[in-house]
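I opened this notebook to keep a record of what I looked up, one entry at a time. Each entry stays with one part of the structure before I move on.

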Protein chains: 2
Amino acid sequence: MSEVYRALADPSRRRILELLREQDMSAGEIAAHFQLAKPTLSGHFAVLREAGLVTPEKTGTTIVYRLNVSVLEEALMALMDAFKFLDAKPQGRASAKPRKGIG
Amino acid sequence: MSEVYRALADPSRRRILELLREQDMSAGEIAAHFQLAKPTLSGHFAVLREAGLVTPEKTGTTIVYRLNVSVLEEALMALMDAFKFLDAKPQGRASAKPRKGIG
DNA sequence: CGCTTTATTCGCTAATTTGCTACTTAGCGA
DNA sequence: TCGCTAAGTAGCAAATTAGCGAATAAAGCG
């Protein structure tokens, strides 16, 4: 779970996720949207894979990346739950303990 | 907005936010929950302040930090919106463009 | 098999981040 | 003012990260 936050910390990786939100793309297609060298992007892909945020699918010589929405969704939901945005929020120096951690 | 992601990237800072979710706390009270040196925590507070995630309130010699829920909420909502979790999710190599960016 | 394409891995450097100790600032009380 | 406490700043070392070019792996094609 912690890898998800790490993955989201970098702007380039957030942009990659944004691109993949539009459509699945090969590593090369994604790289074409950046000024960075391909090995640099490949490193970003590795971080996103380790976080489970994207899934590679090899077809021939190209590797198509797909956004793994559920992982991102779970991470955000965990945060939402940890802070209970939807509840009444009793701010102040005394309140109940939250049920879950952040990660 | 980008500072929010950076702030969330560190486990200690997430833990601070978690503590502040329970109740407002002074810098010293927060520091008591960690093994880190106080200046180290002070640095984390600075990052959280710059991200707008916490608000300091000086009362005498102590500084009480309060969780700024709305900022965190906005960041998460922006992500939710960027990925439109609540819509039907047309995964595949052709879909509509999202309205907003991530960060 | 060679050649091309696609993507990753291998070193390596520069920048960033995290942590510390020492010092400074600010408030409070004797 | 002196002493004490709370918090932040300055400066530095260690670890991590992001970036690159070169080399490598794997697949398709002549």
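Ground rules. I noted that this is a predicted model, in which local features need pLDDT of at least 70 and side-chain atom pairs count only at pLDDT 80 or more, while totals for chains, interfaces and linings use all residues. Residues are numbered from 1 along each chain as its sequence is written, and chains are lettered from A and ligands numbered from 1 in the order in which they are written.

Chain A overall. I counted 5 helices and 3 strands in chain A, taking helices (H or I, at least four residues) and strands (E, at least two) as DSSP runs numbered from the N terminus. Along the sequence they follow the pattern α-α-β-α-α-β-β-α. Of the 103 residues in chain A, 23% are buried.

Helix H4 of chain A. I looked up its length next: H4(A) has 13 residues and reaches 18 Å from its first C-alpha to its last, close to the 18 Å expected at 1.5 Å a residue, the expected span being 1.5 Å times one less than the number of residues. Its buried residues are Leu41(A), His44(A) and Leu48(A). Seen down the axis of H4(A), these fall within an arc of 55°, so they line one face of the helix; the arc is that of the directions from the helix axis to the C-beta atoms. The elements covering them include H1, H2, H3 and E2 of chain A. Just after H4(A), I noted that Gly52(A) takes a positive phi of about 75°.

Helix H2 of chain A. I then turned to H2(A), residues 11-22, which has 12 residues and reaches 17 Å from first C-alpha to last, close to the expected 16 Å. Arg13(A), Ile16(A), Leu17(A) and Leu20(A) are buried in this helix. They cover an arc of only 95° around the axis, which puts them on the same side of H2(A). I reminded myself that an α-helix has 3.6 residues a turn, so residues three or four places apart point the same way. The buried residues of H2(A) pack against H1, E1, H3, H4, E2 and E3 of chain A.

Strands of chain A. I found E2(A) and E3(A) running antiparallel, joined by 6 bridges; two strands pair if DSSP finds at least two bridges between them. Glu57(A) stands opposite Val64(A) in E3(A). The two strands form a hairpin with 2 residues between them, and Gly60(A) in the turn has a positive phi of about 70°.

DNA strand C. Which residues come nearest to DNA strand C? Of the 23 residues around it, I listed Ser26(A), Gly28(A), Pro39(A), Ala37(B) and Thr40(B) as coming nearest, a residue being near if its C-beta atom, placed from the backbone, lies within 6 Å. H4(A) gives the most to this surface, with 5 residues. I read its make-up as 10 nonpolar, 10 polar and 3 charged residues, where Ala, Val, Leu, Ile, Met, Phe, Trp, Tyr, Cys and Pro count as nonpolar, Asp, Glu, Lys and Arg as charged, and the others, Gly among them, as polar.

Conventions: Buried ≥ 20, exposed ≤ 12 C-beta atoms within 10 Å, placed from the backbone. Contact = placed C-beta atoms within 7 Å.
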